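Hi,

Here is the structure I said I'd pass on. Have a look, and then read on for what turned up in it.

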Amino acid sequence: MLDRPINEIAKPVKRLPNQRWQIALENPELAKKLANSTNLSPIINQLLINRGMETPAAAQAFLNPESLNLPSPLEDFPDLAISVELLANAIANKEKIAICGDYDADGMTSTAVLLRSLRALGANVDYAIPSRMHEGYGINNRIVEEFHSEGVGLILTVDNGISAFEPIARARELGLKVIITDHHDIPPKLPPANAILNPKLIAESSPYRGVAGVGVAYILAVCLAQQLGELQGLVKPMLALFTLGTIADLAPLTGVNRRWVKRGLKLLPKSTLPGVQALIQVAGVQASEGEKNQNSKSLKPEDIGFRLGPRINAIGRIGNPQTVIELLTTDDMGLALERAMQCEQINIQRQQMCEEIEQEAIALVENLYVKYLQKDRVLVVIKDNWHHGVIGIVASRLVERYGVPVFIGTYENASVIRGSARGIPEFNVFAALEYCRDLLGKFGGHKAAGGFSLPADNLLSVRSRLSEFANQCLEPQHLKPLLKIDAQANLNHINQELYQQLNIFHPCGIENPDPVFWTANAQIIEQKIVGKGHIKLTVAQTIDDQQYKIKAIAWRWGDYFPLPARVDVAYKLRENDFNGNTTIEMELIGVRLPSQFSIFFTPPTTKLRANFEYKQRQYTCGIYKNDIGSELRVKNSEGKVLVMQPGDNIGLLGINRQDAQKVNLFLPQYDGIIQAAVQALSVLNE
């Protein structure tokens with residue numbers, strides 16, 4: 001009998017992503033009922049149900065957003081008519097208008113929407129954006145005083161202003177008119193503006209409820225142009241900017257956002273705006289001219305979310321927002337390309353900064369805090385010489401890695417720390433900051449994210465208070481990143497037909513996420529590290545003695561390389577066009593050991609042994625301890641033994657270990673026997 005461990009080929013199982021999987025409950029009856037009206041496959045109808053589409057009417061409205069009967073924005077926004085009137089009068093009287101924007105993608109695209117449209121409508125208009133480094137978010141007294149000294153008569157805030165009571169009050173004292181356009185949460189006391197446009201102030205049932213700052217700017221621009229009879233030629237350029245800003249700001253892709261973004265994604269590749277064309281060109285998201293590529297007809301949200309958006313956002317984080325405003329408002333292609341290249345260079349710097357800070361933060365956590373995570377239930381990571389323009393991105397990555405709320409900061413000077421926070425579903429970031437109110441300087445945010453400053457002397461007290469708050473709302477089982485999964489699929493289900501049907505969910509984003517599938521007990525038959533720590537791999541599954549394979553990529557998963565030979569995988573589907581060939585690939589977002597493999601790691605109360613039949617032959621099998629763990633041994637009626645360890649793709653086959661040969665466990669004849677044995681033992685262990 002093979003009674004010694006396979007020391008020469010055994011490898012310990014590597015650390016896997018720390019995740020909790022939440023798999024949506026199947027509702028086959030409702031899916032079948034929906035199928036009668038949608039004529040789509042059962043799996044697609046299940047995805048609709050997971051997104052709240054439980055009636056044929058709701059499904060049709062989602063599948064065909066153009067069929068929505070939209071009310072006029074003038075009906076839903078109480079102050080929209082007066083805002084249009086104030087702007088129309090300012091244009092007619094040649095009164096100077098000044099826009100106060102914000103330095104993120106939403107704020108910059110909002111500023112560009114109103115700058116372009118107001119200039120096209122004959123307005124005398126300029127803009128200002130507060131300094132991220134020195135002033136922080138939103139309109140302030142300095143900007144108000146500056147506008148006043150420059151002879152401004154009307155201030156128009158975009159993507160900010162709803163909480164700026166004092167600066168708005170100062171503007172009114174100075175005799176300036178103020179229109180606030182914003183989408184952030186409503187404070188207890190509204191500023192004394194002449195008009196306020198904010199979707200949070202309108203009915204929750206309104207299709208306009210989810211628009212971002214750029215959505216409010218777009219609505220105002222279109223209504224003003226309509227009022228002045230100058231709509232011709234203005235809508236398409238503005239829609240391109242609306243689409244950029246909405247996706248980059250992670251606004252919900254439901255209601256009117258879904259309808260307009262779907263249109264905008266088709267317009268973007270042929271946009272007449274030089275800045276949009278330059279950005280697309282520099283980011284490399286469009287097929288070259290003359291190439292007959294179906295996908296060049298319409299961009300996908302991920303083209304903006306992962307390619308265009310970061311190039312805009314990088315400027316707001318570590319550069320000068322004027323670069324983006326000039327990019328998106330110029331009509332000069334030469335200048336647009338120059339500004340797009342600047343965006344590209346700054347985005348490369350931003351990536352390098354993020355990488356360096358992330359590695360330093362991980363080292364800090366691993367050395368000082370990781371062993372206390374179950375007790376603290378929150379991470380507070382502070383270090384000097386980090387750029388606070390990018391630490392929010394690093395906070396998100398740490399949440400993804402450790403599964404706990406993260407508060408990350410850096411020293412603004414010797415006495416003040418400034419930081420960003422990111423949460424998990426069960427933790428309210430803004431409520432946590434409120435809980436520390438007496439220890440903080442400025443702070444703000446919402447349930448999922450926030451920003452804060454604090455006196456450096458209060459750091460230990462803040463750390464303790466945040467842990468106290470986290471322990472009130474988090475249980476140990478919450479301290480893993482949550483992965484929401486739509487449905488199970490076998491690899492023989494994955495084909496062009498399924499992928500084409502999935503296109504009906506586009507544009508995907510917040511509140512309409514990319515469909516996520518999982519496949520049980522898949523084989524990893526090839527894997528290698530590519531680029532900056534990504535794993536490129538081939539996933540396989542044997543069904544009825546036929547092996548199905550699919551290529552996959554796992555972004556930034558170098559720490560988990562190599563993955564075990566057999567795992568459950570969770571993934572999104574992506575299309576890959578290479579040399580004229582289009583294939584469907586997986587983007588891995590989750591992996592775990594197959595549930596039946598737990599028999600290797602849970603010490604049984606009795607020895608695990610079983611008899612089973614496979615292809616009309618009798619076998620015995622069992623789990624045996626060895627020097628480094630456990631191994632499965634399967635013996636046939638002729639006395640030959642097959643030995644495998646969890647996570648290995650090479651096993652041993654023979655009468656005794658000395659003469660045993662190494663065999664590839666992926667071969668169907670061995671894989672089938674192992675699965676049958678594991679199944680027989682799993683039944684005993686239940």
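Before anything else, keep in mind that this is a predicted model.

L460 has a relative accessibility of 69%, which is over the 50% cut-off, so it counts as exposed. As for where it belongs, L460 is part of helix α19, which covers residues 459-473. If you go from L460 to Q547, you move 87 residues along the sequence, and the C-alpha atoms of the two are 57 Å apart in space.

Now for the inside. In general, nonpolar side chains of soluble globular proteins tend to be buried together. Here the largest nonpolar core has 80 residues, and the members that touch the most others are L87, I97, L114, L118, L244 and L308. Helix α9 (residues 213-227) gives this core its largest share, with 11 residues.

Strand β2 runs over residues 96-100, and because 4 of its 5 residues are buried, β2 is largely enclosed by the rest of the structure. Which strands does β2 pair with? One is β3 (residues 124-128), which runs parallel to β2 and is joined to it by 5 bridges; in that pairing I97 stands opposite V125. Another is β4 (residues 154-158), also parallel, with 4 bridges to β2, and there A98 stands opposite I155. Helix α6 (residues 105-120) comes in as well: β2, α6 and β3 together form a right-handed β-α-β unit.

How many disulfides does the structure hold? The count is 0. Take C354: it is in no disulfide, and the nearest cysteine sulfur, the one of C343, is 16 Å away, whereas a disulfide needs the two sulfurs within 2.5 Å. Is C354 buried or exposed? Its relative accessibility is 0%, so C354 counts as buried. C100 is buried too, because its relative accessible area is 0%.

Cheers

Notes: Residues are numbered from 1 along each chain as its sequence is written. This is a predicted model: local features need pLDDT of at least 70, side-chain atom pairs count only at pLDDT 80 or more; totals for chains, interfaces and linings use all residues. Side-chain values use heavy atoms; hydrogens and water are left out. Buried means under 20% relative accessible area, exposed over 50%, partly exposed in between (1.4 Å probe, protein chains only). Helices (H or I, at least four residues) and strands (E, at least two) are DSSP runs, numbered from the N terminus. A nonpolar core is a set of buried Ala, Val, Leu, Ile, Met, Phe, Trp, Tyr and Cys residues joined through side-chain atoms within 4.5 Å. Two strands pair if DSSP finds at least two bridges between them. A crossover is right-handed if, with the strands pointing away from the viewer, the path from the first strand over the helix to the second runs clockwise.
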